[in-house]
Amino acid sequence: MTENVLTLKQFFDEARAGRLTGIRCGKCGELSIPPKEFCPGCQERNWTAVPLVGKGAITSFTVIRVAPRGRGEEAPYAVAVVRLDEGVSLLGRIVDIPFDTLRSGLPVRFRPLVKGEETAVGFGPA
Amino acid sequence: MRRVAIIGVGVTKFGKHDRTSAELFAEAAADAIHDADVSPAAIQALYYGNVTGGEGERQLHMGPLAATLLGLPMIPTTRFENACATSHAAFRHAMMEVASGVSDVVLVGGAERVLNIPTDAATEYFAYCSDASMEQTVGLTFPGVFALIARAHMEKYGTTEEQMAHVAVKNHRHGVLNPKAQFRKEITLETVLKSAYVADPLKLFDCCPFTDGGAALVLAAEEVARKRPRAVWALASQAATDTMFMHEKRDLSRVMATERAAAAAYRQAGKTPADVDVVELHDCFTIAEIVATEGLGFFEPGAGGVAAEKGWTSLGGKIPVNPSGGLKAKGHPIGATGAAQIAEIVTQLRGEAGPRQVEGARTGLTHTLGGNTATVLVSLFGRD
């Protein structure tokens, strides 16, 4: 039994340094982001932190034009669900890709988006 | 377990108010108690729903405040928060209190006030219903959540922006018939299709509005309800949860929590989708109605867009959906919505819905979705 192989803070500390990390179930092999205690697939509590390459393809996306307070100057911006090559998905902000070229299946690559203390998941051109 | 009935309903006018959410709830609750024809002293508990009071009104500890403003400060209260499914979740628990025999008469409902704050602040507070670490940090909004779903549905099934627009046109047409609705004005397909994008492919007229309002229900055990010919039975109430993370959804074109809650509710009530005469479902965005009509079993997966286009969900259609105008036209005071949907179904099953009455309706369903599709409640109602 293993606990706390990865906390959210560690996930974002790693991400801030450009390294994407998931956890893999020691019983059924399920890959997961973010960290959790029991495996949703098999309920085992036996995770190992695994590095992810950060390459994947867009599953679905949107261009957000009405932003929440504090993000008004960032709009419009694109957000996408990306399926990573390892088989686990992740939501991220799309950067440096023109809106009119966005499509499902478009290859993208992880990059951290750092703004002061905050780290967010981003994806840029592959 | 005992049978539970709804014996009273109350809903404020939806729209902009200069009263607090607790005041709005108190008005709806007093109306519900009058409608139930019980003494206020008969109320034994309050299950209260509100979402953004802490942020928008600097108000927590709302249950006792709502009870106090109602004039019943002695009853035990609990506040519920399940994003947009808040007061439907409160309803399920209130129903269990009566069914279990703990109380005979219970008040449930909720209220929301957001039109007192700027739109970008309300957008921020609503976004708190998505995950703070991974979703709010990338700027995901609720239109954004349903835009991801819409694009997946469009790509998988060929659903079109025009089919989504039909949902808005239909719900506005219904809203004209509801004196409590925030918008009582018909709109055209062209109005929807030419409105500005909020989160592509969703446009302004695909989105429900921000709304102030309150709604309340009085629930009673069978021995109280039996003497009341206008009582409507709660046949089933089920809740389901799905992962909080959009990236973990198994299939973005479906809402798994809807499918699971619906299956459990039909089983509990001994009903099938074909038994349902009238539906109030969670059309926070037009695509949400299309996906819900599929998840609730009224249409095959992928057929919801065509159903909207063909008018099958209109008053007079195969399965009338949102005769109240839905969240789109009636409005969406998020803490009140679940209770308001139930109030509409009770009104329909009583045969008291006036020009928006679904003739001969005997069985009704309500569906309320919370936040990033992580919470869904489905309940079924019927007359003897």
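# A guided tour of chains A and B

Begin in chain B by selecting helix α4 (residues 86–99) and helix α14 (residues 337–350), whose axes come within 5 Å and cross at roughly 70°. The model on display is a predicted one. Angles of 65 to 115 degrees count as roughly perpendicular, and therefore α4(B) is described as roughly perpendicular to α14(B).

Next, show the side chains at this crossing. From α4(B), select B:T86, B:S87, B:H88 and B:F91; from α14(B), select B:T337, B:G338, B:A339 and B:I342.

Now select helix α1 (residues 21–36) and helix α3 (residues 62–70) of chain B. Their axes lie 8 Å apart, and the two helices pack at an angle of about 55°. Because of that angle, α1(B) is classed as oblique to α3(B). As the view is turned, note that α1(B) passes α3(B) in a right-handed crossing.

Which residues make the contact between α1(B) and α3(B)? On α1(B) they are B:A22, B:E23, B:F25, B:A26, B:A29 and B:A30. On α3(B) they are B:M62, B:L65, B:A66, B:L69 and B:L70. By class, the contact of α1(B) with α3(B) comprises 10 nonpolar residues, no polar residues and 1 charged residue.

**Where chain B meets chain A**

Display both chains together. Chain B brings 28 residues to the contact and chain A brings 29 residues. On the side of chain B that touches chain A, select α5 (119–127), α6 (142–157) and β5 (197–199), each of which supplies at least two residues. Which of these elements gives the most to that side? It is α6(B), with 7 residues. Coloured by class, the side of chain B that touches chain A shows 14 nonpolar, 7 polar and 7 charged residues.

**The two domains of chain A**

Finally, select chain A and colour domain 1 (8–52) and domain 2 (55–125) separately. The centres of these two domains, taken over C-alpha atoms, are separated by 21 Å. Each domain of chain A gives 10 residues to the contact between them.

On the side of domain 1 that touches domain 2, the elements giving two or more residues are α1 (8–16), β1 (20–25) and β2 (31–32) of chain A. The largest share of that side, 3 residues, comes from α1(A). The residues on this side of domain 1 of chain A divide into 6 nonpolar, 3 polar and 1 charged.

Key: Residues are numbered from 1 along each chain as its sequence is written. Chains are lettered from A and ligands numbered from 1 in the order in which they are written. This is a predicted model: local features need pLDDT of at least 70, side-chain atom pairs count only at pLDDT 80 or more; totals for chains, interfaces and linings use all residues. Domain bounds come from an automatic or database domain assignment. Two residues are in contact if their C-beta atoms, placed from the backbone, lie within 7 Å. Helices (H or I, at least four residues) and strands (E, at least two) are DSSP runs, numbered from the N terminus. Ala, Val, Leu, Ile, Met, Phe, Trp, Tyr, Cys and Pro count as nonpolar, Asp, Glu, Lys and Arg as charged, and the others, Gly among them, as polar. Axes are lines fitted to C-alpha atoms, for helices over the stretch in contact, and angles run from 0 to 180 degrees between N-to-C directions. Angles under 35 degrees count as roughly parallel, over 145 as roughly antiparallel, 65 to 115 as roughly perpendicular and the rest as oblique. A crossing is left-handed if the near helix is turned anticlockwise from the far one by less than a right angle, and right-handed if clockwise.
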